[in-house]
Amino acid sequence: MIYLDSAATTPMDPEIISSLQEYMRDQFANSGAVYGIGLDAKKKIEEAAERIASALGVPPSHNVVFTSGGTESNNLFIKGLCFPDKKNAYLGLEHPSIIETLHSFKNFGNEPFSLLEFNREGRLDLSCLPLLKEKRIKLLCLSHVNNELGTINDPSPIISGLEKESPQTRLFLDGVQAVGKIKINKSMWTGLAGYSISGHKIHGPKGIGLLIYDSKLTLNPQLHGGKQQFGVRAGTLPTPLIMALAKTVERAVARQQETQEHFKKLQEHLIEGLKKREIPIVFNSSYGEFQSPAMVNFSFPPVEGEVMVHHLEKEEIFVGMGSACSAHSKEPSKILTGMGLTEEQARCSLRVSFSKDNKLDEINIFLHAFEKAYQKLLPTFKKRAVDE
Amino acid sequence: MNDQRTILIRYDEIGLKGQNRKYFEKILLKNIKRALPGDKGIVYRIPRGRIMLDLSESVATACADQLSFIPGIASYSVGTSVNPDFDEMAALGVQWIEPLLKPGETLRFCVRARRSAKTFPATSPEINFEVGSRIMSRLGEKGLVVDIKNSDFTLEIEVGNNEIIMFDNRHPGLCGLPVGSSGDILCMLSGGIDSPVAAYLMACRGCRVHFVFYDNQPFLGRGGYEKVLKLSKIINRYQGRAKLFVVPFQDVQVAIRDHCKEENRVVLYRRMMYRIADAISRQYQLQGLVTGESLGQVASQTLENLAAVTCVTSMNIFRPLIGMNKEGIIKEAKKIGTYEVSIEPQPDCCSVFMPTRPVTRSKIPVLERDEEKILLEKLQVEAIANIETIYLDDL
């Protein structure tokens with residue numbers, strides 16, 4: 001099997017699996033209990049939060065809250081801070097867990113402000129910042145790394161730009177595709193209101209993620225119950241998952257430089273390999289400084305991405321066709337059409353994303369299978385293009 | 001109260017059968033035995049006009065639940081055997097009714113006896129009176145009242161030749177005929193809402209329905225295959241021993257897509273589906289095809305297009321939904337438990353194969369000329385040679 005869909009999820013690291021097994025066996029006590037083993041569990045959780053903060057360089061000014069994953073973190077921060085009437089802005093190319101959360105405010109007369117016209121190759125053009133002041137925007141929500149394209153919004157210039165142009169606007173970043181895959185600048189935290197992370201994108205367990213947020217802010221809880229986690233997120237804490245997440249984050253950060261170098265090689269090999277083939281490929285983002293090396297998104301009309309995915313699946317090669325959360329939607333990816341791609345280009349695209357375990361040879365096998373499937377499918381799809 | 005129970009099963013249409021009634025009874029009994037666990041010490045009996053199961057209380061509820069999936073049963077009740085003694089009958093009635101009484105509220109009840117053993121000394125109305133008055137004398141002061149027309153609680157007493165059964169419940173069955181009494185047929189299952197309902201309705205007419213699914217892999221993913229597997233397993237629960245034939249269909253579709261007229265595509269795909277279903281039916285001695293078509297529901301289900309697919313086979317074609325509207329079909333699908341699976345978002349055909357404007361009134365000679373452009377028989381033979389056969393009981 002060749003797995004090239006690591007932006008959707010990653011297989012768990014064997015070491016994390018064995019640690020998790022041990023934690024599940026040993027750390028069963030409720031961390032809210034007052035007896036010894038409960039206090040031990042509480043201590044383990046506090047240690048985990050400290051280890052994560054230390055690995056990522058999170059300052060004491062920010063709280064670490066454990067959630068079920070990226071979607072919950074995004075919902076918790078945006079709704080917790082802004083529901084129902086605080087004004088929000090977004091680029092329009094974010095993950096559905098941001099876009100749909102913002103759109104849920106519409107029922108309360110609070111339409112999010114789209115900055116899609118300031119999209120420059122998948123990133124936010126900072127010339128929009130004065131507009132945020134004019135529109136009295138309280139929160140700007142962006143992807144740190146776009147989940148379909150891999151384009152990077154560099155936080156530092158956005159933070160300094162906001163300080164200057166629209167100081168009342170806070171910045172929230174979805175960091176699910178960033179941690180462990182690109183370098184995280186530790187100086188960003190002081191200017192960040194919130195940041196979300198998911199365990200399963202970096203070889204950790206599913207069902208555990210993080211929200212890191214500025215402790216000066218008051219978040220209204222979205223789950224009510226006990227007073228766990230600063231009163232922001234009720235519910236018994238999953239001690240084993242939290243401990244496994246701490247180990248996952250530490251490992252991802254420790255080998256980030258090495259991983260990034262590896263991704264760059266894979267990315268370059270894939271791009272060059274695609275260019276060499278006699279297939280009219282359109283790359284859906286520019287590959288340079290502001291691009292995550294962890295993924296490549298490209299179109300190859302008239303052959304449809306979904307059909308290509310299934311033909312590659314027959315060869316035991318697994319790739320993505322956009323956000324996995326909307327993979328069953330018949331609509332083409334809003335991120336790609338938002339980027340200015342036609343519906344056909346958007347439908348006829350693939351997202352190939354890497355993990356530390358992928359080898360150059362696997363890219364060769366993918367390239368060969370892709371070309372073979374493309375040539376097989378082309379006559380059928382070409383005829384449709386003529387018919388229509 | 002002892003821990004033995006008797007489940008009393010009433011027939012539906014079998015009751016109207018004449019000399020061949022035993023044949024239907026035998027099949028229904030076989031279906032019941034197949035559906036119930038084999039090692040629970042259940043004793044099966046067929047006194048006249050009924051099937052009775054003697055079993056322990058611990059398994060009675062689970063077994064009764066299974067009966068709700070067996071066509072041919074009008075209703076069933078879980079009861080208790082009692083001695084021909086009105087005091088004993090009334091005591092059991094009190095035991096059942098007393099927990100239902102609430103202070104300050106009334107509970108309406110009645111007793112309904114049915115005496116098939118004419119040797120029993122009291123008539124049905126006399127039994128009602130004897131048992132009912134004894135219960136009233138115990139519980140009348142606690143809010144129990146007699147109401148024959150609008151009772152909240154009905155105590156039923158079946159007096160047979162060798163036994164008397166009392167019960168406080170009567171569950172409706174699926175009615176119809178027992179599966180296997182009519183024969184085996186083949187349903188073309190798409191993954192949508194309609195075809196599982198059509199299969200279920202035919203199972204209730206005594207057919208064992210096997211399934212055929214035309215698989216679009218690798219143009220589509222395995223989701224459609226998994227969905228049809230789930231649907232056929234749900235329907236198989238009503239009948240058992242059914243097979244699912246998965247036909248690789250993408251080569252047929254590609255050939256039609258690439259060589260035939262765009263507007264004819266859907267009808268041409270369907271003509272091939274009917275031909276393949278015909279061949280499978282003949283191979284397995286199945287006696288007809290069943291589809292979920294409903295007249296005019298979609299472009300392929302007009303009178304002309306139905307005629308265009310019907311004429312490629314000489315098999316019996318059953319379309320039990322032909323006169324139903326969508327709402328009625330959805331209601332049935334919800335009842336039998338297939339609706340939630342059917343609406344799972346799985347495409348059943350890749351968009352590249354769909355025409356922009358499908359023909360609604362196709363002409364058979366035009367379709368036949370179109371089919372001359374493809375290697376029809378070769379495609380059909382290849383598809384049939386690569387069929388995957390799944391025995392649904394094994395899953």
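Modeller: Domain bounds here come from an automatic or database domain assignment. The model is predicted.

Biologist: Into which domains is chain B divided?
Modeller: The model is a predicted one. The assignment divides chain B into domain 1 (4–172) and domain 2 (183–394).

Biologist: How far apart do the C-alpha centres of domain 1 and domain 2 of chain B lie?
Modeller: Domain 1 of chain B covers 4–172, and domain 2 of chain B covers 183–394. Their C-alpha centres lie apart by 43 Å.

Biologist: What separates the centres of domain 1 and domain 2 of chain A, taken over C-alpha atoms?
Modeller: In chain A, domain 1 has two segments, 2–7 + 256–387. Domain 2 of chain A is 14–254. Over C-alpha atoms, the separation of the two centres is 28 Å.

Biologist: Which element gives the largest share of the side of domain 1 of chain A that touches domain 2 of chain A?
Modeller: The contact takes 24 residues from domain 1 of chain A and 25 residues from domain 2 of chain A. On the domain 1 side, the elements giving two or more residues are α8 (256–276), β12 (295–299) and α10 (334–338) of chain A. The largest share, 4 residues, comes from α8(A).

Biologist: How many charged residues are on that side of domain 1 of chain A?
Modeller: Take the side of domain 1 of chain A that touches domain 2 of chain A, class by class.

Biologist: Which helix gives the most to the side of chain A that touches chain B?
Modeller: Across the two chains, 14 residues of chain A are in contact with 13 residues of chain B. On the chain A side, α9 (305–314) and α12 (360–387) each supply at least two residues. With 6 residues, the one that gives the most is α12(A).

Biologist: How many charged residues does the side of chain A that touches chain B have?
Modeller: By class, that side of chain A has 3 nonpolar and 4 polar residues. Its charged residues number 7.

Biologist: Why do residues three or four places apart in an α-helix point the same way?
Modeller: The rule concerns the turn of the helix. Residues at that spacing point the same way because the number of residues a turn is 3.6.

Biologist: Which strands of chain B do the buried residues of α2(B) pack against?
Modeller: In α2(B), residues 57–67, A60(B), C63(B), A64(B) and L67(B) are buried. Their arc is only 105°, so they are on the same side of α2(B). S58(B), T61(B), A62(B) and D65(B) are exposed on the other side. The buried residues pack against β1 (4–11), β3 (50–56), β4 (73–82) and β9 (171–172) of chain B.

Biologist: Which are the edge strands of the open sheet of 7 strands in chain A?
Modeller: The order is β2-β10-β9-β8-β7-β3-β4, with mixed pairing. An edge strand pairs on one side only. That picks out β2 (62–67) and β4 (113–114) of chain A.

Biologist: Which residue in β8(A) is the bridge partner of L142(A)?
Modeller: Strands β7(A), residues 139–143, and β8(A), residues 170–174, run parallel, joined by 5 bridges. The partner of L142(A) is L173(A).

Biologist: In which loop is the place of P84(A)?
Modeller: The peptide bond from F83(A) to P84(A) is cis, with omega near 0°. P84(A) is in the loop between two elements of chain A, α3 (70–82) and β3 (88–90).

Biologist: What is omega near for the peptide bond from P301(A) to P302(A)?
Modeller: P302(A) is in the loop between β12 and α9 of chain A. The bond from P301(A) is cis, with omega near 10°.

Biologist: Is E121(A), with its positive phi, buried or partly exposed?
Modeller: Phi of E121(A) is near 50°, and E121(A) is not a glycine. E121(A) lies in the loop between β5 (119–120) and β6 (123–124) of chain A. With 15 other C-beta atoms within 10 Å, E121(A) is partly exposed.

Technical notes: Residues numbered from 1 in each chain as written. Chains lettered and ligands numbered in written order. Predicted model: local features only at pLDDT ≥ 70, side-chain atom pairs only at ≥ 80, totals over all residues. Contact = placed C-beta atoms within 7 Å. Nonpolar A, V, L, I, M, F, W, Y, C, P; charged D, E, K, R; others polar. Buried ≥ 20, exposed ≤ 12 C-beta atoms within 10 Å, placed from the backbone. Arc of directions from axis to C-beta. Pairing = 2+ DSSP bridges.
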